[in-house]
Structures are given as C-alpha cells and as structure tokens.
Amino acid sequence: MRVLALSPVPYEGAGCRFRIAQYVPYLASQDIEVTVAPFYDREFFSIVYQPGHRARKVMMFLKQAAARLSTVAGAGRYDAVLIYREAFPIGPPALEMLLCALGRPLVYDFDDAVFLPNTSDANRCLDALKYPQKVATILRRCDEVVAGNEYLARYARQFNPSVRVIPTAVDTSVYVPRSDRRPQGSRPTIGWIGTPTTAHYLRMIGSALSAVARTHAFTLRVSGAGRDVAFPGVVVESTPWSLAREVVLFNTCDVGVYPLADDEWSRGKCGFKAIEFMACGVPVVAASVGVNREIIEDGVNGFLASTEGEWVAKLECLLADPALRCRVAAAGRRTVEERYSLRVNAPQVAATLRAAAAAPRRRAAQATCGF
C-alpha cells in the first residue's frame with residue numbers, strides 16, 4: 001500500500017514530525033509505504049515565522065506552490081492520501097477537491113482548531129488569504145478523519161461520521177528520563193519550550209514566576225521563544241532550540257510549565273508540550289484548559305493551574321519538595337507510556353490508512369447491493 005502524506009511544514013515542524021514522520025518506520029513494517037511531501041521546505045520554514053523577508057517569502061512561496069501542484073497532480077500513483085491540516089496554506093480547498101476528482105481515498109488529520117481564524121504575528125498580511133472555513137468542506141469529502149483530541153473530534157463529527165481520536169504521541173524509547181541525578185542542593189530549573197508563535201503564553205504567567213522567585217531560587221530556561229524574555233526578579237536563561245537537542249532540553253529541566261489562554265484556539269490544542277515533559281520524567285504545571293484536563297490528574301501525574309495564585313502555589317510546592325517531583329514525574333511517565341506513546345498509537349494510524357484505502361471498494365460494494 002502506498003500513501004502520499006501532505007503536510008504544510010517539513011520534518012523540522014513538530015506537526016509533521018509527530019503526526020506523520022515518526023510513524024513511517026512502523027507503517028513500513030506493516031507494508032504501508034509513506035511518502036512525506038511538505039509544502040514548506042527546510043529553508044522556507046526557517047524564515048516563515050520571522051518578521052520581514054517579504055520579497056524572499058513571496059518568491060519561495062511561488063516556487064513551493066508549483067511543486068505542490070505537481071505533487072498533487074501525480075497523486076494517482078498512491079492508494080490513499082493523508083492530508084495533515086491542509087494541502088495548501090492559503091485559499092479555498094482547491095487541491096483537496098482535485099484529489100477528490102482524481103478519486104484518491106483521503107484521510108484528514110488535524111491537531112489544532114484550524115477551523116478558527118489564526119495567523120502568526122509575523123504574517124499578519126496573510127489574514128485575508130487564510131481560509132479556515134475550508135476545513136468543513138475537506139471534512140465532508142474525506143473517507144477517514146483523525147482528530148488529536150475529543151474537542152476537535154466533536155467539531156469533525158458535524159461533517160463526517162468516520163472520526164477517530166488519535167492523540168499526538170512520542171517515541172518513549174527516545175523521550176526518556178535523564179539517567180543521572182542532579183547534584184543535591186543545586187539550583188532547580190523551570191523550563192518552557194515552545195515557538196515564537198506561542199511565546200505570548202509564557203508572558204501570561206510572568207507575574208506568577210516573579211512571585212515564585214521572591215521565595216524560591218530557580219532558573220527559568222526558555223527555549224524557542226525567538227526573542228529574549230525577561231520577568232522582574234527571575235533569572236532567565238535563553239537556550240536556542242534545536243532538533244538535535246530537543247530531548248536534552250526537556251531532560252535538563254526540574255519542572256516544566258505549559259501555560260495557555262482559556263480560549264477556543266487553546267481548547268483545540270493537544271497538550272503536546274505537557275506530554276513531552278512527562279515522557280522525559282519532568283513534572284509539569286499546565287494551564288487547566290482543554291485536553292490538559294484529560295492528560296493530567298491534578299497532583300498525581302502533574303499539576304493544573306487556572307489562576308495566578310494556583311501557578312504560584314503549585315510551582316512553589318514542586319520547587320520545595322524534590323521527593324514530590326520524583327513521584328509526580330514517575331506517574332507522568334507511566335501516563336505517557338500507557339496512553340500517548342508511539343507503541344500504542346501506531347497500530348491505530350495503520351488501521352485508519354487501511355480503512356481509507358478500502359473505502360472506495362466498500363462504497364462500490366454497497367452500491368451493487370442497492371444501498
């Protein structure tokens with residue numbers, strides 16, 4: 001079985017890496033050959049969320065658009081097409097409709113509330129070209145739909161009955177707790193790892209971090225924010241994010257923070273940064289929003305916070321008690337192994353692709369039987 005996987009981002013983007021690429025070896029072992037085709041190449045992706053570079057972005061966009069059209073036109077060679085989020089980053093679902101016209105079985109996979117308007121600060125000029133309403137059209141035309149959480153699945157079921165919830169997972173043989181112990185009495189590290197588009201969430205808990213710093217010594221390690229971050233009284237260490245050091249960045253934290261706004265866009269998120277911290281044996285304090293409430297049992301495998309007072313109290317509790325950190329970390333690791341691991345999710349992904357490939361035959365059989 002041959003599958004074409006269309007992604008807006010390349011391997012360097014977490015969505016492509018964790019929703020598609022990490023499953024490729026397992027799928028190959030099940031005789032499912034996957035060709036991953038991102039819209040943005042590595043060079044374009046490195047600047048797409050940076051301010052400026054408009055002329056360069058336009059030229060690179062036109063080049064990638066031509067390549068994408070060529071890829072879709074050749075989709076007839078594949079038994080099924082997996083669309084992660086969208087086949088084309090702007091405009092109506094023209095390429096998805098072309099795939100339908102080619103008769104290709106379609107699987108749609110989404111892990112964010114992409115049906116809501118949302119544009120990065122660096123690309124506000126594209127607001128008018130984004131077309132979030134296309135998601136409903138794509139959902140209607142797909143044979144199978146994969147949603148990253150139940151909130152997204154409820155939306156998808158309005159348009160398609162064949163919806164499966166497959167959470168974003170990690171390879172628990174790669175994302176592992178650190179093997180060495182931190183020196184007793186060393187200054188603990190609170191870690192935040194994200195992207196320039198999510199850095200504003202960290203600033204939302206800046207006053208809470210400042211309050212904690214008045215009573216507990218810690219270093220705030222920030223990775224991926226794209227610019228320096230500073231909060232009164234907080235020692236901040238800015239560490240560049242890199243793919244090669246991703247697990248190390250999680251491992252070197254004593255406590256992880258995963259702040260979010262309590263809004264519709266955040267409710268569509270899949271709690272992945274919390275999952276990564278937990279997989280690496282790092283106790284996490286996360287916003288009590290959306291799927292975080294399903295992933296985290298407050299006080300058992302992590303902590304949930306809704307108010308500034310809760311952020312302060314729970315961070316102080318973890319910083320003051322290394323034994324508590326160990327207990328919560330171990331429970332978090334077990335949660336990931338049982339529910340959010342590659343081992344658990346990979347067979348579901350394979351079953352979804354096979355179901356989509358069989359859909360045209362199933363429909364033809366139903367038509368022959370008079371359904």
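Which residue follows α12, with a phi that is positive? That's Gly-281, and its phi sits near 70 degrees.

## Before you start

This is a predicted model, where local features need pLDDT of at least 70 and side-chain atom pairs count only at pLDDT 80 or more, while totals for chains, interfaces and linings use all residues. Residues are numbered from 1 along each chain as its sequence is written, and side-chain values use heavy atoms, with hydrogens and water left out.

## Helix α12

Let's stay with α12, which covers residues 272-279. Helices here are DSSP runs of H or I with at least four residues, strands are E runs of at least two, and both are numbered from the N terminus. Eight of the eight residues of α12 are buried, so the helix is largely enclosed by the rest of the structure. Buried means under 20% relative accessible area, with exposed over 50% and partly exposed in between (1.4 Å probe, protein chains only). Among those buried residues are Lys-273 and Glu-276, along with Phe-272 and Phe-277.

## Its partner, α15

Helix α15 spans residues 322-339, and its axis comes within 7 Å of that of α12, crossing at roughly 115 degrees. (Axes are lines fitted to C-alpha atoms, for helices over the stretch in contact, and angles run from 0 to 180 degrees between N-to-C directions.)

On the α12 side, Ile-275, Met-278 and Ala-279 do the touching; on the α15 side they meet Ala-329, Gly-332, Arg-333, Thr-335 and Val-336. Contact means heavy atoms within 4.5 Å.

## The sheet

Now for the strands: six of them form an open sheet with parallel pairing, in the order β9-β8-β7-β10-β11-β12. Two strands pair if DSSP finds at least two bridges between them. At the edges are β9 (235-239) and β12 (303-305), each pairing on one side only. From one strand to the next, the twist averages 25 degrees.

Inside the sheet, β10 (residues 255-258) and β11 (residues 284-287) run parallel and are joined by three bridges. Tyr-258 has Ala-286 in β11 as its bridge partner. Helix α12 packs on this sheet too, touching β7 (189-193), β10 and β11, and its direction makes about 170 degrees with that of β10.

## The cores

The largest nonpolar core has 103 residues, and those touching the most other members are Tyr-108, Phe-110, Ile-190, Leu-209, Trp-311 and Leu-315. Such a core is a set of buried Ala, Val, Leu, Ile, Met, Phe, Trp, Tyr and Cys residues joined through side-chain atoms within 4.5 Å. Helix α12 supplies the largest share of this core, six residues. Apart from this core lies another, of 20 residues, including Ile-20 and Leu-82.
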